Amino acid sequence: MFAWGYPLFGSSILIVLPALLLAAYAQYKVRSTYKRYARVETITQTSAAAMAEWVMASQAVTGVSIEQTLRGSLSDHYDPRARALRLSDPESTSVAAVGVAAHEAGHAIQHAQSFKPLVLRSTIVPAAQIASRLAIPLLIVGMVFQFSTFVTVGVALFSAAVLVALASLPVEFDASRRAVVALRSSQLLSEEELGAVKEVLFAAALTYVAAAAVAALQLLMLLSSSRRR
């Protein structure tokens, strides 16, 4: 998950506005879809934790702990350093919780199998986080005081954040694909429930698409602003 900053540089904000609207829609879509299916129980009453365990076991992935995160709903994630799958409600038997848990189990499988896009993202994230924190101050100072070197370095550093956002797309889509394949083969969900899971996962994936669009258009906006100055 990423937090985005939205630097405003005059009329250049119009460049990124469509992506900001997409991001707002994506947040609405994922929350409303999750809320709707959080009220729908699976027929087999399989819990999110049990489903995650089944998905990982289907690919012979072992040694991953399943824990509860206290950050609230939609905070489910897989921690590769601790080899821990953290679910907001591991005992929930709702379609939404089960689908999200299966998706996170997909990340655990990716980690176990050294899925290349995941390896790439994990490698560049630490450096990209530092770079993105330095980028905006450098850009502001460079544009205010006409230090072209600062602007160039700032844009280059911000590009790292764009790379992370783009690298996340194949990772997230693949985790959802693995989840759907595993859930279908488990026969623990009906076709109707599987369709609902796909809706939840598609809505979640849309947030990553929006993140990549915002980051890319922010970069374009920065380049446009720097050239005018």
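Axes here are lines fitted to C-alpha atoms, for helices over the stretch in contact, and angles run from 0 to 180 degrees between N-to-C directions. The cut-offs: under 35 degrees is roughly parallel, over 145 roughly antiparallel, 65 to 115 roughly perpendicular, and the rest oblique. H3 passes H5 in a right-handed crossing.

Now, the ground rules. This is a predicted model, where local features need pLDDT of at least 70, side-chain atom pairs count only at pLDDT 80 or more, and totals for chains, interfaces and linings use all residues. Residues are numbered from 1 along each chain as its sequence is written, and side-chain values use heavy atoms, with hydrogens and water left out.

Back to that pair. Which residues of H3 and H5 meet? From H3, Ala102, His103, Gly106, His107, Ile109 and Gln110. From H5, Val171, Glu172, Asp174, Ala175, Ser176, Arg178, Ala179 and Leu183. Contact means heavy atoms within 4.5 Å. By class, that contact has six nonpolar, five polar and three charged residues. Nonpolar covers Ala, Val, Leu, Ile, Met, Phe, Trp, Tyr, Cys and Pro; charged covers Asp, Glu, Lys and Arg; the others, Gly among them, are polar.

Next, the overall layout. The chain has six helices and three strands. Both are DSSP runs, numbered from the N terminus: helices are H or I with at least four residues, strands are E with at least two. From the N terminus, the order is α-α-β-β-β-α-α-α-α. The C-alpha atoms fill a box of roughly 65 × 35 × 30 Å along the principal axes.

On to H2, residues 48-57. The axes of H2 and H3 (residues 95-112) come within 8 Å and cross at roughly 35°. That crossing is right-handed. H2 brings Ala48, Met51, Ala52, Val55 and Met56. H3 brings Ala97, Val98, Ala101, Ala102, Ala105, Ala108 and Ile109. What classes are these residues? Twelve nonpolar, no polar and no charged.

H2 also packs on H5 (residues 148-186), at about 100° with axes 10 Å apart. H2 and H5 are therefore roughly perpendicular. Met51, Trp54 and Val55 of H2 touch Ala182, Leu183, Ser185 and Ser186 of H5.

Three strands form an open sheet in the order E1-E3-E2, with mixed pairing. Two strands pair if DSSP finds at least two bridges between them. E1 (65-68) and E2 (77-79) stand at the edges with a single partner strand each, so one side of each has no neighbour in the sheet. Neighbouring strands are turned by 25° against each other on average, direction ignored. E2 and E3 (residues 84-87) run antiparallel, joined by three bridges. Asp79 stands opposite Ala84 in E3. H3 packs on this sheet, touching E2 and E3, and its direction makes about 25° with that of E2.

Last, confidence. pLDDT is the predictor's confidence in each residue, from 0 to 100. The chain mean is 87, and 91% of residues reach 70 or more. Where is confidence lowest among the elements? In H4 (residues 116-144), at a mean of 82; H3 is highest, at 97. Over residues 1-10 the pLDDT is below 50, and beyond near neighbours in sequence that stretch has 22 contacts in the model.

Note on methods:
A crossing is left-handed if the near helix is turned anticlockwise from the far one by less than a right angle, and right-handed if clockwise.
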